[in-house]
Amino acid sequence: MRGLLVIGHGSRRDTANATVRTLARLFAQADRATNDGQISWDAVEPAFLELIEPDIAAGYGILAAAGCTEIVAHPFFLFEGNHTTHDIPAALTRAQERFPGTRWHLTAPLGLHPGVLTAVASRIEDTLASNQLSGPGGSPGSAATGASAVSGASAVSATGPRSRR
């Protein structure tokens, strides 16, 4: 059986953690809804590197307990760095030691994948079209949080109101 472990950094902000949980839930739901040549997951779990549970060991353990012997770990991180090249592989290795009948694969972080470029372009277009620009003293970036990634809310700008001609 194959499981997907969606790994977030972990944050003191609940909305950031909710984004990781929602991503895992959406992968699990999409897999149940269709089998149109997409990768099939027998189980999908969220996990966090720091600050919040379930941590990587707990998420890995849930997948192993569900019967998954092959675990694909996806760090829901933008760039490669110490966490994705050292900390996460080390945590996965420790988890695997508790479940010796399992093996894991680690995907690359999002980076400059064409899907990320498309998402960035979409966010820029949404912001320019939204007419919700912040003036001086506003709270630039307040909508550009994990909550907006989940809810689809528009981002705001620190450049001030757009002139209408």
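Student: At 44% relative accessibility, is Val-120 buried, partly exposed or exposed?

Tutor: Keep in mind that this is a predicted model. Buried means under 20% relative accessible area, and exposed means over 50%. Val-120 has 44% relative accessibility, so Val-120 counts as partly exposed. The residue sits in helix α4, which covers residues 114-130.

Student: Which residues form a nonpolar patch on the surface?

Tutor: Val-120 does, together with Ile-124 and Leu-128. The three have about 270 Å² of accessible area together.

Student: Now the strands. How many residues of β1 are buried?

Tutor: First the general idea. In a regular strand the side chains alternate between the two faces of the sheet. Now the case here. Strand β1 spans residues 2-8, and six of its seven residues are buried. The strand is mostly covered.

Student: Which way does β1 run beside β3, parallel or antiparallel?

Tutor: Parallel, with six bridges joining β1 to β3, residues 70-75. Take Gly-3 as an example: its bridge partner in β3 is Ile-71.

Student: And in which sense do β1 and β2 pair?

Tutor: β1 and β2 pair in the parallel sense, over six bridges. Strand β2 holds residues 43-48. There, Val-44 is the bridge partner of Leu-4.

Student: Let us turn to charges. How many salt bridges does the structure hold?

Tutor: The general idea is simple. Side chains of opposite charge can pair when their charged atoms come close. This structure holds two salt bridges. In one, Arg-2 pairs with Glu-70, and the closest N and O atoms are 3.5 Å apart. Arg-2 lies in strand β1 and Glu-70 in strand β3, so this pair ties together parts that are 68 residues apart in sequence.

Student: What is the separation of the closest N and O atoms in the salt bridge of Glu-70 with Arg-103?

Tutor: For Glu-70 and Arg-103, the closest N and O atoms are 3.7 Å apart. This pair also links distant parts of the chain: Glu-70 is in β3, Arg-103 is in β4, and they are 33 residues apart.

Student: Is Glu-70 buried or exposed?

Tutor: Glu-70 has a relative accessible area of 17%, so Glu-70 is buried. Compare the two arginines with the cut-offs. Arg-2, at 29% relative accessibility, counts as partly exposed. Arg-103 is partly exposed too, with a relative accessible area of 47%.

Student: Next, helix α2. Which of its residues are buried?

Tutor: Helix α2 covers residues 56-65, and its buried residues are Ile-56, Gly-59, Tyr-60, Gly-61, Leu-63 and Ala-64. They pack against β1, β2, β3, α3 and β4.

Student: What should I look for at the start of α2?

Tutor: Look at Asp-55: one of its side-chain oxygens reaches to within 3.3 Å of the backbone nitrogen of Ala-57. Just after α2, check the backbone of Gly-67, which takes a positive phi of about 100°.

Student: Last, Thr-102. Where does Thr-102 lie?

Tutor: Thr-102 lies in the loop between α3 (82-98) and β4 (103-106). Its relative accessibility is 9%, so Thr-102 counts as buried.

Student: What does the side chain of Thr-102 reach?

Tutor: The side chain reaches the backbone oxygen of Phe-99 at 2.6 Å. Leaving aside neighbours within four places in sequence, Thr-102 is in contact with Tyr-60, Ala-64, Cys-68, Thr-69 and Gln-96. Tyr-60 and Ala-64 are among the buried residues of α2.

Key. Residues numbered from 1 in each chain as written. Predicted model: local features only at pLDDT ≥ 70, side-chain atom pairs only at ≥ 80, totals over all residues. Heavy atoms only, no water. Helix = DSSP H or I, 4+ residues; strand = E, 2+ residues; numbered from the N terminus. Buried < 20%, exposed > 50% of the residue type's maximum accessible area, 1.4 Å probe, protein only. Polar contact = N/O pair within 3.5 Å; in protein donor to acceptor, adjacent residues only side chain to side chain. Contact = heavy atoms within 4.5 Å. Patch = residues over 30% accessible without salt bridge, like charges linked within 9 Å, V, L, I, M, F, W, Y side chains within 5 Å. Areas by Shrake-Rupley, 256 points an atom, 1.4 Å probe, with all protein chains shown as cover. Salt bridge = Lys/Arg side-chain N within 4 Å of Asp/Glu carboxyl O. Pairing = 2+ DSSP bridges.
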